[in-house]
Amino acid sequence: MLDLGLLIIRLVIGLSFAAHGTQKLFGWFGGYGLKGTGGWLDSIGVKPGVMMALLAGLGELVGGLLFAAGVGTWVGALLIAFTMLIAIVKVHGQNGYWVTQNGYEYNLTLIAVAIGVALIGPGAYVLF
């Protein structure tokens, strides 16, 4: 059952991250694409916005896919954790802990899940 539990966690977290990456990169799933996300990042002082949107989108897409597949789990987890750490520092940290006040509660939870799974290992159900 442990392996099945790890698979469920990896798929939900990893594919959700990958989908967020496609929002930033391609405007899929209601996202704003590089230009729109880059404009927002510029507006909050994260410059150059389009380059930062590209890096965030690639980190989320690649990290999410690696994490979901159970291949390069440590790399995927670190990309997820780093992306969330930047989100805390640049956006959510100033708002306190609680997500209801746009705080960093959710970001920290995702970091804990990603690093926790990396420490445990991906389990038996991996892509390769």
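The model is predicted: local features need pLDDT of at least 70, side-chain atom pairs count only at pLDDT 80 or more, and totals for chains, interfaces and linings use all residues. Residues are numbered from 1 along each chain as its sequence is written, and side-chain values use heavy atoms, with hydrogens and water left out. Helices (H or I, at least four residues) and strands (E, at least two) are DSSP runs numbered from the N terminus.

The residues of H4 that are buried (under 20% relative accessible area; exposed is over 50%, and partly exposed lies in between, with a 1.4 Å probe and protein chains only) are Thr73, Gly76, Ala77, Ile80, Ala81, Thr83, Met84, Ala87, Ile88, Val91 and His92. Seen down the helix axis, these residues fall within an arc of 160 degrees, so they line one face of H4; the arc is that of the directions from the helix axis to the C-beta atoms. The face turned away from this buried side carries the exposed residues Phe82 and Val89. Thr73 is in H4 and counts as buried because its relative accessibility is 7%. Residues up to four places away in sequence aside, Thr73 touches Phe67, Val117, Ala118 and Pro122.

Apart from neighbours within four places in sequence, Ile80 is in contact with Ile13, Phe17, Gly63, Gly64, Phe67, Leu110 and Ala114.

In helix H2 (residues 33-43), the buried residues are Gly33, Thr37, Gly38 and Leu41. They cover an arc of only 140 degrees around the axis, which puts them on the same side of H2. Lys35 and Ser43 are exposed on the other side of this helix. The buried residues of H2 pack against H1 and helix H3 (49-69). Just after H2, Gly45 takes a positive phi of about 90 degrees.

One salt bridge (a side-chain nitrogen of Lys or Arg within 4 Å of a carboxyl oxygen of Asp or Glu) is counted. The side chains of Glu60 and Lys24 form this bridge, at 2.9 Å from N to O. Glu60 lies in helix H3 and Lys24 in helix H1, so the pair ties together parts that are 36 residues apart in sequence. Both Glu60 and Lys24 are buried.

Met1 is found in the segment before helix H1 (2-26) and is exposed, with a relative accessible area of 84%. Ala124, in the segment after H5, counts as exposed at 51% relative accessibility. The C-alpha atoms of Ala124 and Ala18 are separated by 22 Å, the two residues being 106 residues apart along the chain.

Note on methods: Contact = heavy atoms within 4.5 Å.
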